[in-house]
Amino acid sequence: MSELLAFALAVTVLAPLASVTVVGFRVLLGTRPASESFAAVVIGAGLVLSMIGGMTTLACFAGLGGAPLRGEVEFGDWLRLNDFEIPAVLLVDFISVTLSLLAAVLTALVARFSRTYLHKEPGFVRFFVLLGIFATGTQLIALAGALELFFAGWEMVGISSALFIGFFHERAEPVRSAVRAFATYRLSDTGLLIATVTTFELLGSARFSVMEQAATLGPGATTAIALLFLLSAMGKSAQLPFSGWLPRAMEGPTPSSALFYGAVSIHAGLFLLLRVWPVLEASLVARVAGVIVGLATALYAAGVVRVHTDAKGTLAHATLAQVGLILAEICLGWIELALVHLVCHALLRLGQYLKAPNLIHDSHRMGHEHRHPSLLERRAPQLAGRLYAASLHRLRLDDRIDVAFSPVLRLAAMLDRADRRLRGSLSLDGVPE
Amino acid sequence: MIPAALTNPAPWEVLACCLALLIAPTVASQQRSNRWILVGVIAMLVATLFAPTGPLAYVAAAVASLLHAAAAVSRSRTGAASLVIAAGLIAGAAVALRLDYLTTAFVLSCLALAVRTGVMPLHAGVASLCDRAMVVHVQQLPSAIALVFVHLRFVDHHAGALALAPTIVRIGAVLTIVPALMALVQRDLRGLYRSSTAMHGGMLLAALGAASLDNYAAALLVAVTMGLALGGLGLMLTSLEERVGPVQYSGPGGRIQAFPRLAAAFVIFGAAGVGLPGTAGFVADDLLLHTLWLESPASTVTVIVSSALLAVSTLICFARVFLGPAARSVAPDLRTREALGGALLIVLLLVLGVVPGTLLGPADAFLSDVGGTALSGR
């Protein structure tokens, strides 16, 4: 039975990766472009296999046909060098099995939906390759038993997310949005990477199973690590002040928006916090910060959602509000509630996003409902007006981040000029302009 | 008695990576390489990696550097001059090693590596090679990897190296953040490549510092990854410029439809250089961060931030060069031989990323063990 579990886990993670490799090499080395049906069949097969692997894992976890199997499943070492190890270890518990199956089923569904939705779209093959990378990344995130593997999945999701946002790359706006989303991801990912290295060095391992020992590290170290995890979660789940990239992410194709920003990817930050809960639990400061950030994001998104007129933008902020609430639930220690909230929210949003293109049709058919003034608008129209304007501009979050980052760019430009002068003075051939 | 270098897989594996990196540009590029120089470089690579003594290995590395200088001189005098200076430093290291001045040999070897890999502010030569003779730059990367191997094998095993380690780690870390910042404001493809090269040079320097604390394999993997990722990126850049001329960010992008395979390979090499999971870059970065932590946690944070900044710059570059309204081009996508050259390097990056132990295990055993023997047999 344990061999079956190990096999099922391996299939769950590796099947999408194998399908991406096949299609990737076909694209790179083939003399003719890969056909739609080839990409859809190969990647689809990988996703279906991954889903079957996820179901088998659930069966083993639930104990169907034998004793329930839980805990770490070792696949040897990805790398072992003296005292340093990157273990190839997957973790089977309630949280991991739930997210793994949820992600596998939803990704396979979206792949089937996209086969029709994106038929004859120029980037069809690219879409499916990215979907396969995303599926591998989410399975690694869900099932990883150590932070290094988790981080590998985290990065795969981040890269595929950015490339999905820039999918319609002929237009300038999706490309700009992709770069902004990726920059937010990558800079907030530094928190996860630093936390991973710190955890390994202080606890001797970056396995999730050793997180229980976090309380022994002392309040300073625990709080620092917990805040770093929180920072990464905030970036990935678009919490304030990193919320600006989420509405921009709606530039991508609707199926990927549904999967990433409605169902799976947007919840990855929350999943990280569920995984490292023992560290978070040991740090009151980080938990309070998480509750404040979550509630502030929920309030902000609730304000913005009222003034948005486009379907996907409204859905993005509605998603953000719920994600903020789930973050607050996790930081309050309501783990089970947060997990149920997360799963239900993912399912609901996926349906809503996939239906978004029909929304205009529906609204024409069903007519518009007249909006009555709210209590605030009746009692304090000036305040309501200001809130309306602030929400319309989304608190100018992106502008503020640009302003905060501008000294870094000025420094970079200064260094570049100095470098050109230095190279110019040393060069025998001159420095090209 | 058979020399240890011949029986351990590590030098052979490094040689395989170096040969792939040396041959890939020759296969891919339309530019004619001087065959005699290429044969000479291959011979010197073998001599560098398998030499029984340190001075001999350094002499071979110095000759290789001079051969690269000969290849570069017609297109980049600055690049050729820097390769000659590097050869002088390497020869100095050989002499110092022969005379038992181990700390001097270590410092000269570090300086030579800094010049060869373009660590700021000693990067004028490499920057010029990147601007004017990209193929020569790519082809000098394998002998730089071989030089790292020799450095780790012969001069990184004594108290002087250990004493200098903290300083080198910190200098290396600082010299990653400067080019990573500069990468953000580049306005052309070669500018990004120059900054990327300088940043990787800084990472390698930091890795060499940390190597003294028995982290030899980590430094070797950083060097090999740097070579493969930068080499592949350089090849793709050359292929693109052969088709469309110099690439400025301000000009039209939209080249992905005309050159989809080139764009895909560009993404893979660029991402491998900033630690894409599944490639050697991910393992190399992870290993490096852990080894740096032992010496200086602040340096670890600096390198992490540098890598993040370079990743953002690489995506900006990709977006501005390849994405946007479709540009018309009559030039073909990657030709078969260019694709083969790129695929060879991609396979190596993937193999080392998925099963890094194939190189790291033997290399760690060899470099950790051989130090004492090498010193005594000097």
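Student: How do α3(A) and helix α9 (residues 254–263) of chain A sit together, at what angle do their axes cross?
Tutor: The two axes come within 9 Å and cross at roughly 155 degrees. An axis is a line fitted to C-alpha atoms, for helices over the stretch in contact, and angles run from 0 to 180 degrees between N-to-C directions. This is a predicted model, where local features need pLDDT of at least 70 and side-chain atom pairs count only at pLDDT 80 or more, while totals for chains, interfaces and linings use all residues. Residues are numbered from 1 along each chain as its sequence is written, and chains are lettered from A and ligands numbered from 1 in the order in which they are written.

Student: Which residues in α3(A) and α9(A) meet?
Tutor: On α3(A), Leu106(A), Thr107(A), Val110(A), Phe113(A), Ser114(A) and Tyr117(A) take part, and they meet Pro255(A), Ala258(A), Leu259(A) and Ala263(A) of α9(A). Contact here is C-beta atoms, placed from the backbone, within 7 Å.

Student: How many of those are nonpolar, polar or charged?
Tutor: The contact of α3(A) with α9(A) has eight nonpolar residues, two polar and no charged. Ala, Val, Leu, Ile, Met, Phe, Trp, Tyr, Cys and Pro count as nonpolar, Asp, Glu, Lys and Arg as charged, and the others, Gly among them, as polar.

Student: Zooming out, how many helices and strands does chain A have?
Tutor: Chain A has 17 helices and two strands. Those are DSSP runs numbered from the N terminus: helices are H or I with at least four residues, strands E with at least two.

Student: And what domains is chain A divided into?
Tutor: Domain 1 covers 1–145, and domain 2 covers 192–357 + 389–409; the bounds come from an automatic or database domain assignment. Their C-alpha centres lie 24 Å apart. Where they touch, domain 1 of chain A supplies 20 residues and domain 2 of chain A supplies 17.

Student: Which element gives the most on the domain 1 side?
Tutor: α3(A) does, with eleven residues. By class, that side of domain 1 has 14 nonpolar residues, five polar and one charged.

Student: What does Ala81(B) touch?
Tutor: Setting aside residues up to four places away in sequence, Ala81(B) touches Leu428(A) and Gly125(B). Ala81(B) is in helix α5 (residues 77–98) of chain B.

Student: Is Ala81(B) buried or exposed?
Tutor: Ala81(B) counts as buried because it has 20 C-beta neighbours inside 10 Å. A residue is buried with 20 or more other C-beta atoms within 10 Å of its own, exposed with 12 or fewer, and partly exposed in between, with C-beta atoms placed from the backbone.

Student: What about Thr176(B), where is its place?
Tutor: Thr176(B) is in helix α9 (residues 159–184) of chain B. With 29 C-beta neighbours inside 10 Å, Thr176(B) counts as buried. Beyond its neighbours within four places in sequence, its contacts include Met199(B), Gly202(B) and Thr302(B).

Notes: Two residues are in contact if their C-beta atoms, placed from the backbone, lie within 7 Å.
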